[in-house]
Amino acid sequence: MSRIHAWLRRLSPLLVIATVVAIWYLVSRSANSLFFPPLTDVLVSFRELWFSATLLDQALPSFIRAGAGFAIALVGGVVMGTAIGLSPLIRQLTTAQLEFLRSIPPVLLIPPSLLLLGTGTQMKIAVIALASVWPILLATIDGVRSVETVRLDSARVFGLGAAGRVRWVVLPTAMPRIWSGVRACVPIVFVVMVAADYYASSDGIGYMISQTATSFRFSEMWASVLLLGIFGAAVNLAVMRAGRWLDHTFGEFGVRAA
Amino acid sequence: MDILEVKNLVKSYGHGESAETVLDGLDISVADGEFVTIVGPSGCGKTTMLRCMSGLLPFDSGGVQVSGEQVTRPPETLGVVFQDYSRSLLPWLTVARNVDLPLRYLGLSRAERAVRTDEALQSVGLDRHRGKRPWQLSGGMQQRVAIARALAYRPKLLLMDEPFASVDAQTRSELEDLTLALWAEHGMTIAFITHDIDEAVYLGDRVVVLSSTPTRVKREIPVPLPRPRNQLTTKELPEFAELRSEVLRVLFKGDPAPTVVPNFPAS
């Protein structure tokens with residue numbers, strides 16, 4: 001009995017997905033709307049678009065820009081966050097600016113960046129990085145400040161210099177919190193990636209969506225949205241899995257359990 | 001020669017009107033090879049004192065010398081065993097890696113580090129647990145890891161800050177005897193801070209009694225009990241009881257006398 005329950009529990013998310021797809025299929029099959037083509041048409045478009053060179057031409061550039069922007073945000077956020085978290089002086093000097101910058105809605109960064117950096121790949125990567133750095137930066141500051149004095153004291157007594165303390169004590173202690181910042185920044189990366197593609201682009205998944213939508217190729221538009229959704233879910237799952245592993249390795253749960 | 005010399009150490013927190021003096025002209029000296037225990041009422045500036053002595057906290061005036069050198073940052077000849085083992089050990093490193101980590105920063109070869117780590121873990125009886133994480137061990141065993149880390153570092157002077165305050169009574173006795181054995185074997189000097197009077201008398205060559213804040217030394221009481229010491233026979237000696245009472249009397253003299261003489265529970 002309990003085994004059946006366990007199976008049901010494991011299968012239930014899949015069942016929900018199957019139900020949603022089934023409803024989509026049934027409703028769209030009988031609908032006559034131009035905007036909601038039948039699911040089968042969408043799937044045909046999906047295969048034609050994304051199991052072909054279009055994947056490399058149109059989707060890949062977006063994902064590469066997103067990846068590059070995220071990587072810059074991660075490294076920049078952790079480095080700056082560590083410096084700000086460790087130094088009360090830097091913290092004092094930057095708090096006001098950080099509060100100002102982080103409250104700017106990410107998409108608003110695009111027009112001024114267009115003026116400053118032009119319309120190229122560079123601009124898009126910069127905007128993605130600039131928009132997604134905040135959660136990582138703030139989480140890192142928080143995590144770095146949570147390191148107990150005793151932990152730093154014992155590292156200092158046993159000869160670890162500043163770099164050694166950051167490497168062996170500060171970053172591992174802050175790791176679970178840094179990762180919560182990463183989790184928060186993933187959706188921002190996606191939003192800004194698509195939004196940046198809308199502006200002055202000749203490729204990218206957002207470009208595809210805007211092009212197909214304005215030229216009444218709705219099954220292709222939905223196929224693009226579907227790809228974006230699948231990719232987003234996969235990235236989220238990977239980030240969650242990595243987070244669980246990091247929590248297990250660096251989390252304080254062991255300390256609490258002892 | 002004195003390996004640790006604390007002269008007229010003054011430390012206060014805060015500024016102006018609200019400034020609070022924690023250490024008020026502390027004088028302590030510890031000779032090479034000596035085992036000195038330091039007791040004080042709870043809430044006296046023991047932790048501040050330890051942090052000043054180990055170069056972790058700048059002080060206002062006076063001086064601290066370790067091996068004849070003025071302390072401005074943690075000296076290489078100094079090791080510390082902290083009370084809070086769960087915080088002072090790194091939970092994401094194995095027992096062996098916790099012991100090994102400081103040795104990397106001494107610039108030792110890989111082989112030398114391995115030898116020192118093995119020896120240290122053996123002398124605290126933990127070589128079977130070297131691959132575990134600290135939090136998988138009991139409190140007493142975690143503190144053994146902290147002791148092993150200090151041993152492998154081979155300090156001339158070992159500061160111990162209420163190291164056994166959060167383990168149970170039996171484990172505490174075991175760890176006390178382990179500490180005495182290691183001290184005798186390695187020829188270290190130990191300054192041992194505690195709030196347990198029995199422990200102070202049982203371990204030390206000399207008990208330094210501190211006042212409540214602002215902290216200074218009230219008195220130093222020599223402990224001429226024979227070594228090696230033994231949990232049973234040493235504590236049965238009439239001299240042990242007399243010394244214990246004397247420390248207690250000094251501890252409370254001048255401070256508001258407690259109506260019931262506290263039994264100083266283990267933690």
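**Close-up 1. Pairing of Leu157(B) with strand β8 of chain B.** Leu157(B) stands opposite Thr189(B) in β8(B). This is a predicted model, in which local features need pLDDT of at least 70, side-chain atom pairs count only at pLDDT 80 or more, and totals for chains, interfaces and linings use all residues. Residues are numbered from 1 along each chain as its sequence is written, and chains are lettered from A and ligands numbered from 1 in the order in which they are written. Strand β7 (residues 157-161) of chain B and β8(B) are paired in the parallel sense over 5 bridges; two strands pair if DSSP finds at least two bridges between them. Helices (H or I, at least four residues) and strands (E, at least two) are DSSP runs, numbered from the N terminus. Strand β3 (residues 35-39) of chain B also runs parallel to β8(B), joined by 5 bridges, and Ile38(B) stands opposite Ile193(B).

**Close-up 2. Burial of strand β8 of chain B.** Strand β8 (residues 189-194) of chain B is largely enclosed by the rest of the structure, because 6 of its 6 residues are buried. A residue is buried if 20 or more other C-beta atoms, placed from the backbone, lie within 10 Å of its own. In a regular strand the side chains alternate between the two faces of the sheet. One side of β8(B) carries Thr189(B), Ala191(B) and Ile193(B), and the other carries Ile190(B), Phe192(B) and Thr194(B).

**Close-up 3. The β-α-β unit that ends in β8(B).** β7(B), helix α6 (residues 169-186) of chain B and β8(B) form a right-handed β-α-β unit. Right-handed means that, with the strands pointing away from the viewer, the path from the first strand over the helix to the second runs clockwise.

**Close-up 4. The side of chain B that touches chain A.** Chain B and chain A each contribute 21 residues to the contact, with residues in contact if their C-beta atoms, placed from the backbone, lie within 7 Å. On chain B, β6 (78-81), α2 (85-88) and α3 (95-104) each supply at least two residues, and α2(B) gives the most, with 3 residues. This side of chain B comprises 14 nonpolar, 3 polar and 4 charged residues. Ala, Val, Leu, Ile, Met, Phe, Trp, Tyr, Cys and Pro count as nonpolar, Asp, Glu, Lys and Arg as charged, and the others, Gly among them, as polar.

**Close-up 5. The two assigned domains of chain B.** The domain assignment gives domain 1 (1-77 + 166-185 + 195-218 + 231-255) and domain 2 (83-154) of chain B. Their C-alpha centres lie 25 Å apart, and the contact takes 7 residues from each of the two domains.

Terms used
A residue is buried if 20 or more other C-beta atoms lie within 10 Å of its own, exposed if 12 or fewer, and partly exposed in between; C-beta atoms are placed from the backbone. Domain bounds come from an automatic or database domain assignment.
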